[in-house]
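Work through the exercises below with the sequence and the 3D structure at hand. Try each task before reading its solution.

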Amino acid sequence: MDKKRANVSKAEADPDIESGMMNNNEPIHDVQIQLQLIQLLSKGADQLAKEDVERKRNRAKEVIELQGGEKTSLEELEAEITALRQPYEPVFSNENPFFKNIFRLRGWTDKNPNNYAKPSVVAKIVITLIYLRFKKEVLPFLRKHAMPDGNRHAKFFQHLTPKGLESLKKFRDDANAMMERYDNWYDFLKDYCRTYGLPFQLSLIDEK
């Protein structure tokens with residue numbers, strides 16, 4: 001009897017226990033519903049995150065058509081270029097015959113190909129023989145990051161990834177191999193541009 005009275009007294013003192021309420025006056029079944037909602041929302045957030053990752057992955061693999069009908073993908077472009085400036089690595093060193101071949105074909109016997117300062121047309125030649133071999137969007141990207149204010153802050157190739165640098169060295173070696181088979185600049189440039197689908201510019205013939 002005393003126990004029964006004690007229980008009744010406890011219920012009267014703490015009516016929330018008997019009415020299915022917690023101490024914070026919130027129904028137990030409402031709390032359970034909220035927990036279920038939280039779980040559902042968590043699953044929904046995880047699913048949205050997975051879908052977002054999948055969309056980005058598909059976008060990276062999406063084939064885009066460039067001017068001239070050439071096709072590439074964002075994934076391929078991002079594999080060769082980087083906004084982060086890379087350490088300098090001499091890819092046109094004096095030991096490499098690239099500039100020697102150009103000077104020989106141009107007939108510049110009075111100029112030293114090893115000098116840092118070279119005729120202004122040489123920069124245009126490098127762009128044509130090397131950088132125009134990349135996808136069409138690469139050169140504007142390199143200009144933007146190497147010369148953000150119009151002044152050169154880095155070499156173009158310092159904004160190439162290791163894969164992009166590997167491509168550049170291949171283009172350089174292709175040019176060397178072809179130049180070594182010619183004895184004049186005009187014939188070489190014409191055939192090189194035709195071989196690799198590049199624009200043949202007379203200014204690269206006439207400009208000294």
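**Exercise 1: a helix and its surroundings**

In α5, the buried residues are F98, F99, N101, I102, F103, L105 and R106. Buried means under 20% relative accessible area, exposed over 50%, and partly exposed in between, with a 1.4 Å probe and protein chains only. Helices (H or I, at least four residues) and strands (E, at least two) are DSSP runs, numbered from the N terminus. The model is predicted, so local features need pLDDT of at least 70 and side-chain atom pairs count only at pLDDT 80 or more, while totals for chains, interfaces and linings use all residues. Residues are numbered from 1 along each chain as its sequence is written, and side-chain values use heavy atoms, with hydrogens and water left out.

Task: Explain why helix α5 is largely enclosed by the rest of the structure, and find what covers its buried residues.

Solution. 
- Step 1. Just after α5 comes G107, with a positive phi of about 75°.

**Exercise 2: aromatic pairs**

Task: Classify the ring pairs Y131 with F134 and F188 with Y192.

Solution. 
- Step 1. Rings of Phe, Tyr and Trp (its six-membered ring) pair if their centres lie within 6.5 Å; planes under 30 degrees apart count as stacked, over 60 as edge-to-face and the rest as tilted.
- Step 2. This rule gives a count of 14 aromatic pairs.
- Step 3. Y131 and F134 are 6.3 Å apart centre to centre with 25° between the planes, a stacked pair. Both Y131 and F134 are buried.
- Step 4. F188 and Y192 are 5.4 Å apart centre to centre with 40° between the planes, a tilted pair.
- Step 5. F188 and Y192 both lie in helix α9, 4 residues apart, about one turn of the helix. An α-helix has 3.6 residues a turn, so residues three or four places apart point the same way.
- Step 6. F188 has a relative accessible area of 0%, so F188 is buried; Y192 also has 0% and is buried.

**Exercise 3: charges over rings**

Task: Which rings have the charged ends of K118 and R152 over them?

Solution. 
- Step 1. A charge sits over a ring if NZ of Lys or CZ of Arg is within 6 Å of the ring centre and within 35 degrees of the ring normal.
- Step 2. K118 has its charged end over the ring of F99, 4.6 Å from the centre.
- Step 3. R152 has its charged end over the ring of F156, 4.8 Å from the centre.
- Step 4. F99 also belongs to one aromatic cluster with Y88, F92, F98 and F157.

Definitions and conventions:
Contact means heavy atoms within 4.5 Å.
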